[in-house]
Structure formats: structure tokens, C-alpha cells
Protein chains: 4
Amino acid sequence: MKEKAWGGRFALPTDSEVEAFTASVHFDKRLYKHDILGSIAHARMLARRKIISAKERDAICAGLKEIGADIEGGAFTFRADDEDIHMAIERALTEIIGAAGGKLHTGRSRNDQVALDVRLYLRDEIADVLKLLARLKKMLLKTAKKEIETILPGYTHMQKAQPVLLAHYLLAYYEMFSRDQGRFEDCRRRVNVMPLGAAALAGTGLPIDRKAVAKELKFPALSENSMDAVSDRDFAAEFIFAAATVMMHLSRFCEDLIIWSTDEFSYVEISDAFTTGSSIMPQKKNPDVAELIRGKTSRVYGDLVALLTLLKGLPMTYNRDLQEDKEPLFDAVDTVKSSLSVFAAMVGHVKFDRRRMRAGAEGGFSTATDAAEYLVSKGVPFREAHRVVGTLVAYCLEKNKPLTALSLEELRRFHKKFDADILGRLAVESSVAARKSYGGTATEVVAKRIAELEKNAGR
Amino acid sequence: MKEKAWGGRFALPTDSEVEAFTASVHFDKRLYKHDILGSIAHARMLARRKIISAKERDAICAGLKEIGADIEGGAFTFRADDEDIHMAIERALTEIIGAAGGKLHTGRSRNDQVALDVRLYLRDEIADVLKLLARLKKMLLKTAKKEIETILPGYTHMQKAQPVLLAHYLLAYYEMFSRDQGRFEDCRRRVNVMPLGAAALAGTGLPIDRKAVAKELKFPALSENSMDAVSDRDFAAEFIFAAATVMMHLSRFCEDLIIWSTDEFSYVEISDAFTTGSSIMPQKKNPDVAELIRGKTSRVYGDLVALLTLLKGLPMTYNRDLQEDKEPLFDAVDTVKSSLSVFAAMVGHVKFDRRRMRAGAEGGFSTATDAAEYLVSKGVPFREAHRVVGTLVAYCLEKNKPLTALSLEELRRFHKKFDADILGRLAVESSVAARKSYGGTATEVVAKRIAELEKNAGR
Amino acid sequence: MKEKAWGGRFALPTDSEVEAFTASVHFDKRLYKHDILGSIAHARMLARRKIISAKERDAICAGLKEIGADIEGGAFTFRADDEDIHMAIERALTEIIGAAGGKLHTGRSRNDQVALDVRLYLRDEIADVLKLLARLKKMLLKTAKKEIETILPGYTHMQKAQPVLLAHYLLAYYEMFSRDQGRFEDCRRRVNVMPLGAAALAGTGLPIDRKAVAKELKFPALSENSMDAVSDRDFAAEFIFAAATVMMHLSRFCEDLIIWSTDEFSYVEISDAFTTGSSIMPQKKNPDVAELIRGKTSRVYGDLVALLTLLKGLPMTYNRDLQEDKEPLFDAVDTVKSSLSVFAAMVGHVKFDRRRMRAGAEGGFSTATDAAEYLVSKGVPFREAHRVVGTLVAYCLEKNKPLTALSLEELRRFHKKFDADILGRLAVESSVAARKSYGGTATEVVAKRIAELEKNAGR
Amino acid sequence: MKEKAWGGRFALPTDSEVEAFTASVHFDKRLYKHDILGSIAHARMLARRKIISAKERDAICAGLKEIGADIEGGAFTFRADDEDIHMAIERALTEIIGAAGGKLHTGRSRNDQVALDVRLYLRDEIADVLKLLARLKKMLLKTAKKEIETILPGYTHMQKAQPVLLAHYLLAYYEMFSRDQGRFEDCRRRVNVMPLGAAALAGTGLPIDRKAVAKELKFPALSENSMDAVSDRDFAAEFIFAAATVMMHLSRFCEDLIIWSTDEFSYVEISDAFTTGSSIMPQKKNPDVAELIRGKTSRVYGDLVALLTLLKGLPMTYNRDLQEDKEPLFDAVDTVKSSLSVFAAMVGHVKFDRRRMRAGAEGGFSTATDAAEYLVSKGVPFREAHRVVGTLVAYCLEKNKPLTALSLEELRRFHKKFDADILGRLAVESSVAARKSYGGTATEVVAKRIAELEKNAGR
């Protein structure tokens, strides 16, 4: 076992079980690129402020780049006693460039360094997530346009409620993912704050220049308080919450796809390429991707609970507990990205059975509300209209016929205000066409919305 | 049992256990003010669009105001079969104004109505929470100004790390609560969207005017998709997350106050008015408020889990599960508000023991980093300086003396670069004064920050 | 404001906001019966040990009973400054019997008193939950017996897998609820431990007799360590976990009922008495009870998170945070009890559509596995048999016919081992009848299991 | 890409992104030993029931053992298209022994196979956890015995409450870990149920012998219902809950150790071998292990939430979501095992500072309750005694002296019942010695308990 960089005051070496238990390099090595990026900016600043020489700076930067290339290329060997990615890189740097490597850590601590690394990393990941959300929205918009004529039953309580356009259904998800984008953008503002220079917790007495580092690393803001800078993990919790919300939205969409894939519904068929079979039942074709995304929602919820629980009641400032922030964060990043990606691809491989959907929309008395609204337009108070149509439905159930099969005479038995024009109003097309209120499902409203969204597609 | 407003097609009355199980009026009555506000705006719009007459509108509005006054004054009787606040008010309205009451529900559903109520309610609560955060920040700023001279040990891992100003510590929390404000403001943008007119899920065929309702209720935006409008609870989850983050910040502050209140630390004394005693131990004076806030953090986490779990995998659009959104939301609102309020009051009743804090800062070799930075400023690589000072600390531990008790001769035994000027550098005041990096704990930096924040106090 | 019972060393009265914030009497008054029960046992023991006189004991016991009757009858007034149920009762006792009331708290603390109250309370609630589970199981058994002939499609991935008996499906839930009973019984062993006498945390110097109190209160065990006794809340977390598992099981059953209630499935019809309607759509009949139980599962999960989070990292022994244990516990108790009760009632009001289920079982090639097992029984390796039948299914899909419509000639085109006896094997009845492996769905196996369970119905 | 074992009915190959997204082999390969063990038992049973030949059985068993050895030795190559550990092993088996490999999957499905694997795996892990708990308890008992004379202040609300023995404190944890053992043993009963033979969900038509498999694999019970067998994950959730409770207990112990390690308390010193240093502050020695265990508690809570959320509302029977059960389970297993192991080791490297603890116990008026109990023993009602001693403490605070410094005369100014014998009663030793109630902290009580536990050490 090698001597630790912090070993000066210690008489005994670290117990090997402790070394394994406390190490984080097996997961935080993922931050190597951002660690090196941050260290290069730090070294350049140190040289500008004459804390190290230009020669030392050049050696450090070259060494760091070499290490970066080695890690990238798989040529770098992490060691059991490396503790974390920061120490692994510093150790390797000293091996390559000698004593000058020991100058890199001047004016900083691992406390502010890891805060910087995670913020740099997360900024990149947010950019990726935003792109994936945009791609999915584009796919939804394209599909909505294609299915602008498709009518399906809208459900509440899983019971047929009113006929809606499939395009309208798809655009409901468009709205959700737009809100998700907004949340990630808001989160990014709070991620995009430069913590380096907070050092251990109090700032440093060396003449560093934090603004220069921020500028080089393209941070629009600096942390204003060094104690807060090293103990703040709000931004990570906020990211996981935003990811949890994306997953929740996906889980709802998946739930519908799974139900629509049942033999009983048969509203969609997911391509063979996006389903899998059974090891025992030869006929099976399962919507595994949708099920897994629904299931993976749970793990992101777990990640959120893990991080929030971690942070509760921690005394100021940095505590080693904080090392446990990274695995839930990384897991949430990976899960939300892979789920968004595979889901968007799957949407393009779902075949909507327009005929079955249309037929479904005709069942369940889904235009009963139209009958009530008809009466209202004739001056009947809504509550009375509702009750009249309710008894009408009870009558149809008994006679086992749909509303559209009722004669005018039958209808008038229930209310005198029914006139000949009611007959056309109970068809699903009429029902859809009628719902022209802003944000409603009428084809003209939905088509207009599609056009609008296409125009703003930049966002 | 009275006939239900939706009872037309039902042959059997609701089972009484079911009625009790499904009722929400015992908790959603809290929304009565917003329900009435929304209904008045709705009635006015219906009249403007000639869906109801001016006379009906006036009767409805007068009736609603009377009901509002009755509920306010405790004269309103909720009934077991009222189901929810919407039905309770509609029932009472019809009792007061007769059949015209049955016209109020025209062109809307409880699905969009409850979405409106909750958004109106939450908008008000966010305004309250923002005020409470501002009040707490003001109290912190005031205290920081008062304690600008107080030095205490800064901790990492609960071990003395470096001396810091108490003002700097307090401003770290100022930063956290500022971020919390930002999150509530971002959340408010997504709350502030008008859903009424989405009706059950598809919009309505009646000629309503959603923009007019939005304008009257001061909503800057309309929901763009009726299916999304009735099934979206993102905004409630986002609020609870923001509340959970506030509670997490408070819990950390409380943890420190609890530890500082121990006999061993004795850094603070919380006023008798903000502590309580023991039923058995006569000497006890317990920091109960701080403990309870720490504990209550857990319940807001529980609220967040409850709501997110509720939403996972719900098929579109409205499902009765959504009724369970309100209790966790209300609980989070109540908890974050009462905690912020009592905490801000308590901060004004905490007496910081400046002498004990100052003495504490001198222990634990808290200026060892200054010794290392001293060597760095003389050209010693940081890693070497760290190791040298580490062995120095080991020496002091063995000799049982503080760094400040070392002679120059002793120091030079460890490194030749130590000169006479090191002696003054190891005092805690020097250490604090040295940390002038942006965001650091030096008095001049902190005082400047206080001045800046006082100037922007509007925010 | 009245002087507090612990106010001796305090110079200032409690701040009124603090009083409201720290009070628990508005929720812990639910424990009044158990608090009085415990106090009576305590007073009797004090008298037996001559710590109080027989006269004092009699006055105390009579006073406590009077208070109990008052609370029961609604004649008791809780006061804002009562803090908690223990203090409310002690205050009232002293009002009734004078100074002797001040002797009741001898040799105990609120720390061990509340631990006792909650354990007594929970023991009763566990008994109730066990009864509700037994009642639900009985209902399932009865229904299974009635539906022993009903065949429905068994699903995996929501895709038709193999035909099963409805009775078999119902007994799957029987197993789950049996495991739930086991968990509550295990939990009860850990609840059933008598903590009184631990006093504040260290035991007491007074000559109390803990075993006598345990005996009177029917506790089979005493807590062995006074520090553990006052800080242990494991049993409450364990109860909530067991409740969460019950809710999870119910949520799964409800999910199926909701899907089976769709127009597309129409496998069940839930009675009008157990469904509700829509405020806008006259035709709606919604499975609200099932949806709400599914939704309420989330709140019990939230309760579990709240309590576990509360307990994490609490220093020994009692901390005021622990006051927050009761609301999640009470909520879990109420939720699991009302859900079990209403669900069991609902099961009796579900009409299973045997014809639709039977027809459903015939779809989706649900006997494909039987074809494969047929080939296996003729010596074909399972993997080959699986592949053969897979291509057969693809053929049927193309020809749009079910497996049962294939001629022997067609079958033999896929594999020579198909003989005439295959034809009968592909009917759903044959498939069910074949699955005779232990625990399988064959009617004879299921009927035997029902008989067995009826015999052991005591449990 | 190779053809899938279930590919018969599929016209298109699986999309490669889908293949990566749905694969589980990268984590479920951990089950290889148990998968092979189960398969060998299954093959033997198939041969006994003549479903395969003895020769096939021998080939299968030999092949499986070879594969087991290869995986163990690192010679096995998992492939991207292996899906899961079951398919990877079946694929390799067929490569080694040819077509007979395709017979192994006869009469089972991956649904029951994975249920078996996880149960076998968890049974082993529970045995390990029980051993680790026993080891930790042994260490606590040994330490308690060594520290039987050590007095420290007992705390409630982190305020000094009453003096207690360190041994008593340690045995409080002994009780907690004993309860944890009980929970794992209870959980094991529900894990120890043999699911194989449930096949996909309905059992099988082949003449398998489930009891024989159970016997060979040492399962005391068989699953009674095939549908339940493949969808039940209660046992995994229960394990994670039990692990969460262990972690919660450890987190509380760690919290105390962290606080006791502060410079202000200095009650313990953790060995250099179990602490680490700072990259910037040369003097730091941090209780990292304790902090990390406290932090890791959060991840197990996250695992519990992930699994419970996963299971909520899943329709019967197997759904692909269930694949997500394994990572939280594995994580909980790893975390609880490593935490228990390193914590037990650390306890042996903690040096308790007896002198500081003793001195601490004398502060904070920790024997005030003794003064009150003294008065009670003289017939003063407890509430009066409490108030008297409360004012006495206020007097001491004002005079800045401890209770033990009061003269009898001073004491009698507060209550006439104070006699000369009170003076000895206020020393911490007297206080401890007095608390002889069952489970109390008196040395004789604690020593007796230690002796008792040593005698039952088998458990």
C-alpha cells in the first residue's frame, strides 16, 4: 500500500477493508474528462497568477491530456488505493511529470473539485437530455400529423368517455415533454455555477482568480459563498426530480401502449423489432420495452429518495456521506437517457389500428355528453340534461343498443327538446368536430396546433 | 341518502361504506374559496357567451358568495353524501337559487374544475412561501451583520477544518434559501396555466371563452391540450419537491443548532420561549423546535414519494387515483409554511456564545492549512507542504500543544522555508483575514457581500 | 397560558407559535384509551410497591376512568396548551383529584409512556387487520368455489399466455394475503414488548415492578434495555411495511379489476353500489373504489418513507423528531383497514362474465404451449418444439385462424410427430385440465386446494 | 445477431438498441451458481420422471458444471445477445452438448426459473447477513464487558439527561441487532419456498415432480399457486426492508460516533486505520467510515422505494417490469453486508476516552432526576418534586455551580425534605447504581444481562 497524499499526520496505514469500503474510483472515474478539463483551467489560472510557472503549467496540461487519452483508450490502470478519480489522476500526473504534479492541487480541495466536476458533467448530460426530449417531441408531432384523422375513445377511469383524435392524445404528451424541457432548463441555471476556489470550505489565501476559471469553463456565474459551494447538492436532487418526472410521463404512455397491445384492445401493434418472446410460450410477443420503461421509473424514484435522504440533517459543510450522491445521479442520467432514446425509436415502430380505434370510439355511449350538450343548447339546465341522458343510457343498456340506433321518437320519449338534428350529432365524427373550445379535440383545433408547433420547431 | 347529481343511469344507490371511502369533502373543502372564485368567473363567461342569462348569472354569483360567507363563518353544513367540495357547493347553490344552480356546471367537468381550484390555491400558497423565505433571509442577513466579527470553527466531517465567520456561515443558508425562491418561482410559471374548459377531457362543444376566464382569474397562459389539462399533476409534484428542498435546508441548519446546543459545544443558547422541558428530568431544556423541523422534513419527503408513486403508470386521462393528490400537497404546504415561520422566529431568539465559538476555532489545528499555504507561497509544491504540516501536526499532538505555541526554531526543524512571519499567520484572525478569494470567508469579502445583499433586499 | 408541568427551570413562557408547532394533542389524542389503560396499570403497581397509597391509587384510577368516559362521550375539552395526550390527561386528573394526580407520573417519563401507548394501540390494530385479512380470504375462497368452472385467459406481460381457472387466479391472492397475515403476526411479536419503566432512558431508582405491569397489560415480554426501549420505533416501521405490502397486493388486484371493467375486456361488472358516475358524462360508471385503493397504496408508501427517513441518523436516545412517528403510523393503520374492508365488500359485488372470459381464453393462441408440450411428450427437444409451434403461430396469424381451426394435415406440415390426438389437446378445457403439476391450474388441483383451505379456515 | 430461442413467430430481428435496453445479463450473471444448481436439480427430476433420458441428464449436468467452472474461472464469455443469465447458460450448454441442451428447459419457464434463482441466492445471503449480525453482536458484548465501569452522559434531545454505563449504551444496540436477526429469520421462512414447476404461470402438463426438486434443493415448502409463484416478489421487498432497518440502526450508532469524535466531545478516538485525511487540510482525521455507513443507509431506502414502487399496480402475473427487481436487491445485499462487516471491525478500533466521558456525565445537572426521586421517596408528589428541582437548577445556573456543589442548607432552602443523605445521591456513580429497575443502567443489572447474553451466545 502506497502512502496517501494526506498521510502526513497518520501513524497507521488505512485498513484494507476500509480502503475498499471508502473508495469511489470505480464509479467516479466516469468524471475523468471533466476532472481533467477543470484541472487544466485551474493550472492555467495558477500560472497567470504566478502561483506556478509557465513551464509547470505546460507540464501539467500535457500530462493531464496524456492521462485523458490513456483513460479514453483503455491504457490507464486504476489502482485499488487510488481512492477516487481526483487522486488517481494526480497520482498518475506525478508519475509522468514529477514533483510539479504536486503543485496542481494548490488553492483547491477535493471538496470544490468534485463539485466542479459534477456540475461540468451534469451540464453536458442536461444538453443530451434536452436533445432527446426534442427528438421525441418531433417524433410525436410527426405521428400526430400522420394520425390527424384517427379517432379513438378517450378514457377517464379507463372507461370510455368521449371520442378524441389520436393526434390530440399524442400532443398531450408533447405538452408534458415540453414542461420537462422547461424543468431541465431551469435546473441548468442552478447547475451552471462555478464552485472552484471555495477550497475546503473557507476559500483560500492564495491569490487565485475564480472569474477567469469560470470564463474558461463557460460558467455564467460563480458560487457566492464558499461554505455553500462545497456542501450544495440541490442541483443534483433537482436533476433527479426532473428525470423522475420524465420517467413518470413515459410510464403513463407505456401503460397505455401495454393496454392497447392486449388482444382485447388491439389498438396498436408494436413491431417485432421492439418486442420479445417467451422462453416457454411460442405464441408470445411481449411489449417488453414499454414494460421496462414503466419499471425503470421506479429506480429513478429510488434515486431521488436516496439523494434527498442523504442530504437531510447533514451538518455543514462537507461530510463523507456526500460521496453517495454520485451513484443515484449517474443512474438517473443513464436511465432517463436510454429510456427516452429507445422510447422515441419505438414510437416510430408502433402501428395504430385505425379501424379498431374507430370502432372502439363508437362503444360505451361515448357521445352521451353530446346529447346532454344538445339539450343545454336548447335551454335545458345542464343538471337536468345530464339526468335525462343518464336514463337514456340506462334504457339503451337494457335494450342493448347504441345511442346512434335510437329513433327520434324514442329520444323524444325522454325529452321533448330532441329534434331531428340530434341524430347526426351522436356520431363520433360529429362529437369530435364539435369540441372546438381552445385546446379541445376538434380536428381544426388540433391541426392548427400542429401547424403552430411545426413553426416553433426550433424549440 | 340523496340522489347523486350523476345518478341518471344508476339503478342502485351507492353503498354507504363506499360513500365514506370515496368522499374527499373532509379535506378538499379547504379549496372552497378558490372553487367559488373559479365558478364566479365561469358563470360570468357563460353569461357573456349567452349560454346562461344575465339573471341566472346574477343569481349564481350571489348564491356562491352567500355560500362562501357561510363556509367562512362556520354556518355551512357539509353532508356525508356531498362527495367533494364541488358537489357540496353546487348542492347548496341549488338549494338557494333553485334550478338555475343546475346550469353552473355547463361546459365544465369536475376534472377541469378541480385542476383549476388546485392551481388557484397553490398560486396563493406559493406567494406565501416566497414571503416566508424572504422574511427568513432578512433575518439571516440582519444576524450576519450583527455577527460579522464572530469567528467559529468551520467543520468538514464534523472535524474542525478552518476558522470562518459566523456571518459567512449564515450567508451560506442565505444562498440556499435564495435558490429555493428560484425553484418556487419556476414552479409558479407552470402552476399559472388555466385548465378550465378542458371539460371531462376533450373540450366542449359549447361556445365557451377560455381566454376570458383566464383573464379574469389573472392567468398568463391557457392549457393547450384538454387531455393533458385534466391529467397533469406535475406542478403539484414540483411544488412538493421544492418544499422538500426547503425542509432539507432547514434540517441541516437545525442539525447544527442541535449540536451547538449540547453542553459540550455550548455555542448557542436558544431562548426559553423556543425550547421545552422534560416531564421527568427537571434540568432539561430541549431544542424541540429544531428537532421537530428536522423530523418534519421526513413527512414532506413522504408526501413527495406518495404523489410521484400515485402518478406512475396511470393511464390517460383522469383516474380516481388523482383524488389522492391533495392530502400530500396540503400537508407539504402546511409543513413548509409553519416550519419556515417558526424557524425564522427562532433565529431571532438564538444567542451565539462568541467567546466559546472563538475558543473552539483555536482548537483542532484549524490553521494548519495556513501553514501549508505559507510554504506554497515560498515555492514549496503543495503536496510537499501538506505532508510537512501533517507531520508537524503529529508532533503537536504528541507534545500536546497547539500550532501557535510552536517556536520558529521548532517550525524550521520541519521545513527551512518557515520564517519569522509565519508566527502571526497561525492565529485564527489571520487565517480568516487571509481567505479573500471571491466567496471566501475574509471579513472584507463577507462585509461586501452583506452590503450587496442589503442593496438588493427587494428580492 | 398555564404553567407547564416541566416549567420549573424556565424563566420565560413558551412562545405561542412554538406551542402550536410542537403540540401533538390534536393527533395523539387517539391514544387516550391506551394511555389510560397504561396509567391504571402503572398506578396499581405503584400502590403495590407502596410508592403511592391505596387511597391515592383509587382516586387516580377513578379519575382516569372518568376522563376516559368524558373523552369517549365528547365531554372532554382539549386545550391548546395541553401539548400531548399524556399531559392533557394528567392535567385533567389533577383538576379532578387534586395533588394526588401529581403522583401518577412517578417512576416514568413521557418517553416510556408514549412507547407503551403506541404498542398497546398497535397491538389492537394488528388484531383488527388480521381479522380483516381473514374476512377477505374467506370471501376469496367462497368466490373461488363458486367460480371453479370459470376459465379465463392467464396473462403475462398483459398478453394472453395460457388458460387458467378464475378460482386459481383468486387463490393466488389468497396466498398473498396469507403471507401478509404472517408478516403482521411476526410484527406483533416485536410490538408485544413492554417498555414502561425505562423512564426517561436509564430506568428508575424507585422500586417499581415492571413484570407486574407487563402481566396486567398482557405483554409476554419486557424490553431488556431502557435506552433501547425509549428510542425504538422499529415495530412501527415494520407495521407500515407490512401494511404497504397489503396495499401493494390490493393495488394489483384493483389494476386487474379496472382493466377487466373496460368496455374492451368486459370480464367483470362491478355493482352500481360500488361504482360512481361523472359530473358531466351521463353514461359513465367508474370503478372508483378500485382506483382509490390503487391510489391509496402510494400514501402508505409515503408513510413508510416518512418514518424510515425520520429514524435515519438519529442520535441516541429519544429526540423530539420521534413525535413525527405517529401521523404516518395512524395513516397507514386507517388506510389499510378501510381499504381491506371496502375491498372485501366489493369482491362480493363483482359479477364475472363467464362467457366473455371463456371467449377471451380462446384468443391469442393461448394453448400454443400445449402444442409444444405435446411434441415434447413425443420426444422432441423442447427448444425445437418451441420453434416449430412459433412458426405455426406465425402461419395462423397470416391465415387469420386460431390453432383449433388447423387440420391435422396442416399441423403435420410443421412437424411429423403431430397425430390425431393433438386436436383435442388445443381446446382451453384440455389445456387447463392438463396442468396438474402441484400448484397448477388444473381443476382437480384447484378443487383440492379449496377443500384443504376450507378445512384450515380457522387460520 | 443470433436467432433468439423464442424467435419462432418473429419475422424481424430485435432492434439492437432494444437488445441492449432489455438485457439483464450484465447484472443477473451474479446468479449463475444458483441458476446452475437449480438446473441440475431440474434435470435430475426430469430424468427420474423419464421426461429426459439418463444419458441426457448426465450430459446436461456435466455441461452445466463445466459452464459453472468456466464462469468461476473467468473463461466464460457473455454475449450481448445473451439477454439474461438463463439464456446465456442454455446457449453455452447447447454449444457444449448439442441438441440435448434444448431439453433442459422442458417443463419450466424463465418466470419460475428466475424466481427459484433469486430465492436460492437470497437464502445464502440471509445466512451471511445473520453471521455478520452475530459477529457484530459478539463484538458489542465483548466491548460492553470491557467498559462495564465506564460512565457517560445519557442524552435525550442531545441534552445531557442522566448518567448511564457505556456498556448499557452498547447493549441497546445489541437489542436492535437481535431484532434485526429476528426479521431476517422471519423473512427467510418466506424466501424458503420452492417455485419451480409453476412454469410460465399455470403449471405444466408434463409429469414433473416438484417435491423432489424441493427436497434436493433443501426447501421446506412448495409454492401453492403457480400464478402467485411467478409474480411474487414480497420476499425481496421484505429483505430490503430488513436491510434498511439494519442500516438505520447502524446510521444511529454512526451518528453518535461522529459526534463523539468531534474535538468538542472527544469521547472516542477512532484508529488511524479506520479514518482518512484531507487533500488540503493537513491536520484532518475524519470518521469517514461512520459517515459513509450513515450515507449508505439512504441508498438502501432508495432500493426499498424502487422495489415497492415497481410492484404497485402490476397486473397479474409476470410483467417485464419485474426484471428491475434485481439491481435494488443486489445493492441492498452488498450494502448491508459490507456495512456490517466494516462497522464490526471499526468497533474494535474505537478507543473510548473514559475520563472525558466521566467528566461529561458530571455536567448538565444530569442527576437532577435523582434529586426529584429523592423527594418522592420522602413522600413528595412527583410533580411537586419536579418543580422544586427545576427551580434548584435555575438557581445553580445563576450561581454557575453544579448540583453536587450545593450545601445541605442551600438545598433545604428549596425543600425541607432534603436531608444529609441527599449529598451522596447526586454523584454520577450513585445515580447509575440507583437505576436498578429491570432493564435499567445500574451496574449490577447490566452485568447480569451481559452474563445472560454470554450464556446464550449461540444465538
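In which helix of chain B is B:Leu122 found?

## A residue inside chain B

In this predicted model, B:Leu122 belongs to helix α6 of chain B, which covers residues 110–146. The relative accessibility of B:Leu122 is 0%, and the residue therefore counts as buried; the cut-off for that term is a relative accessible area under 20%.

Several residues surround this leucine. Apart from neighbours within four places in sequence, B:Leu122 has contacts with B:Val191, B:Phe235, B:Ala236, B:Phe239, B:Leu329 and B:Val333. A further pairing can be described by distance: B:Arg188 lies 66 residues from B:Leu122 along the chain, while 8.4 Å separates the C-alpha atoms of the two.

## Fold and dimensions of chain A

Chain A contains 19 helices and six strands. Its C-alpha atoms occupy a box of roughly 100 × 50 × 40 Å when the principal axes are used as directions. The radius of gyration of chain A is 30 Å, whereas a compact globule of 459 residues would have a value near 23 Å.

Contacts across the sequence may be considered next. When contacts in chain A between residues at least 6 apart in sequence are taken, 75% of them join residues at least 24 apart.

Of the 459 residues in chain A, 70% count as buried. The accessible surface of this chain amounts to about 14,100 Å², and carbon and sulfur atoms account for 52% of that area.

## How the copies are arranged

Two copies of a chain are related by a rotation about an axis together with a shift along that axis. For chain C, a rotation of 180 degrees with a shift of 0.0 Å along the axis brings the chain onto chain A, with an RMSD of 0.0 Å. The two copies are thus related as by a two-fold rotation axis. The same surface serves both of these copies, given that 100% of the contact residues of chain C recur in chain A. Within chain C, the residue that comes closest to the rotation axis is C:Glu264, whose C-alpha atom is 2.9 Å away.

Chain B is also superposed on chain A by a rotation of 180 degrees, with 0.0 Å of shift along the axis and an RMSD of 0.0 Å. Here too the same surface serves both copies, as 100% of the contact residues of chain B recur in chain A.

Conventions:
Residues are numbered from 1 along each chain as its sequence is written. Chains are lettered from A and ligands numbered from 1 in the order in which they are written. This is a predicted model: local features need pLDDT of at least 70, side-chain atom pairs count only at pLDDT 80 or more; totals for chains, interfaces and linings use all residues. Side-chain values use heavy atoms; hydrogens and water are left out. Copies are superposed by least squares on the C-alpha atoms of residues with pLDDT of at least 70 in both. Contact means heavy atoms within 4.5 Å. Helices (H or I, at least four residues) and strands (E, at least two) are DSSP runs, numbered from the N terminus. The radius of gyration is taken over C-alpha atoms; the globule rule is 2.2 Å times the number of residues to the power 0.38. Buried means under 20% relative accessible area, exposed over 50%, partly exposed in between (1.4 Å probe, protein chains only). Accessible areas come from the Shrake-Rupley method with a 1.4 Å probe; for residues, only the protein chains shown count as cover.
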